[in-house]
Amino acid sequence: MKIEKCGSYHAKIEGCELVTMPDGKSAFKIYFVSIVGRDNPSRTEWAHCGIDKQAFIKAFRESGQEGVGFLTAFPHITKVFRYAPKMEILQHVRAFDTKTFAPISLIRDDFVEFACLAEALLAADEYKAWAAASSVEEYLRYVSPVENAPVFDNAKLKRYFSD
C-alpha cells in the first residue's frame with residue numbers, strides 16, 4: 001500500500017448558526033470550521049479566506065436545500081449532513097465548494113469520504129442529540145460543545161506501511 005504525505009490537522013470550530021430555509025420547515029445548523037497551522041491559511045482558515053460568513057449563510061439559504069441537519073463549513077469545502085427523509089435514522093451527506101456552491105464528489109479511491117476529525121466529532125454529537133431529542137425543535141436547540149479537533153500525529157499510517 002502506498003501512503004501519501006498528509007498535511008497537519010488542527011481544526012477549530014468557530015461558531016454555530018441555526019438557519020431556517022425559505023420553506024419555513026427545513027433548518028440546518030452551520031458549524032464554521034477552520035484548519036489552523038497549514039501553509040495556505042487563505043484556503044483553510046475563515047479569518048484569512050475572504051468569505052463573509054453572513055454572505056455564505058444567505059447563499060446557503062437560497063441554495064434550495066431541504067431537510068433538517070447540520071453543515072460543516074470550511075473555507076474550501078462544506079458538507080451538508082441531513083437526516084434522510086425516507087429513513088430518518090440515517091444521515092445523508094453532500095459536499096460542495098464553499099465559495100461557488102459547485103458540487104464536490106466524496107468518492108476517494110473507490111471509497112466514500114465520511115469525515116475529517118472535526119466532522120466526525122460533530123456528527124457523533126449531532127447524531128446523539130438527534131437520537132435523544134423528542135422533537136425536531138429540541139434537536140435544533142442543541143449545539144455541539146466541540147471546540148478543537150487536533151490530530152497529534154498525521155504520519156503514523158505512512159510510518160506503519162514504510163516499516
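**Salt bridges, sheet and pockets**

Trainee: Which residue meets the side chain of Glu 14 in a salt bridge?

Mentor: The side chain of Glu 14 is paired with a Lys at 3.7 Å, N to O, where a salt bridge requires a side-chain nitrogen of Lys or Arg within 4 Å of a carboxyl oxygen of Asp or Glu. Helices (H or I, at least four residues) and strands (E, at least two) are DSSP runs numbered from the N terminus. Glu 14 is in strand E1 (residues 9-20), and its partner, 39 residues apart in helix H2 (residues 53-61), is Lys 53.

Trainee: Which pLDDT is required before side-chain atom pairs count?

Mentor: Residues are numbered from 1 along each chain as its sequence is written, and side-chain values use heavy atoms, with hydrogens and water left out. This is a predicted model in which local features need pLDDT of at least 70, totals for chains, interfaces and linings use all residues, and side-chain atom pairs count only at pLDDT 80 or more.

Trainee: Are Glu 126 and Lys 29 buried or exposed?

Mentor: These two form a salt bridge, with the closest N and O atoms 2.8 Å apart. Glu 126 is in helix H3 (residues 117-132) and Lys 29 in strand E2 (residues 27-35), so the bridge ties parts that are 97 residues apart in sequence. Relative accessible area sets the class: under 20% is buried, over 50% exposed, and in between partly exposed (1.4 Å probe, protein chains only). Both Glu 126 and Lys 29 are buried.

Trainee: How many bridges join E2 to strand E3?

Mentor: Two strands pair if DSSP finds at least two bridges between them. E1 and E2 run antiparallel with eight bridges, and there Leu 18 has Lys 29 as its bridge partner in E2. On the E3 side, Tyr 31 has Thr 72 as its partner. E2 and strand E3 (residues 68-73) run parallel, and the number of bridges joining them is six.

Trainee: How many residues of E2 are buried?

Mentor: Ala 27, Lys 29, Tyr 31, Val 33 and Ile 35 point one way, while Phe 28, Ile 30, Phe 32 and Ser 34 point the other way, and all are buried. The count for E2 is therefore nine of nine.

Trainee: What phi does Gly 24 take?

Mentor: Gly 24 is placed in the loop between E1 and E2. With a relative accessible area of 52%, Gly 24 is exposed. The hairpin has six residues between the strands, and in it Gly 24 has a positive phi near 80°.

Trainee: Which helix gives the most to the lining of the second largest pocket?

Mentor: On a 1 Å grid over the protein atoms alone, a pocket is an open set of points with protein on both sides within 12 Å along at least five of seven lines, and lining residues have an atom within 4 Å of a point. The second largest pocket has a volume of about 170 Å³, the volume being the space filled by probe spheres set on grid points joined across faces, edges and corners. Its lining includes Leu 18, Gly 24 and Glu 137. With three residues, the largest contributor is H4.

Trainee: What volume does the largest pocket have?

Mentor: H3 and helix H5 (156-162) each supply at least two residues of the lining of this pocket, and H5 gives the largest share, three residues. The volume of the largest pocket is about 1100 Å³.

Notes:
On a 1 Å grid over the protein atoms alone, a cavity is a set of points where a 1.4 Å probe fits but cannot get out, and a pocket is an open set with protein on both sides within 12 Å along at least five of seven lines; lining residues have an atom within 4 Å of a point.
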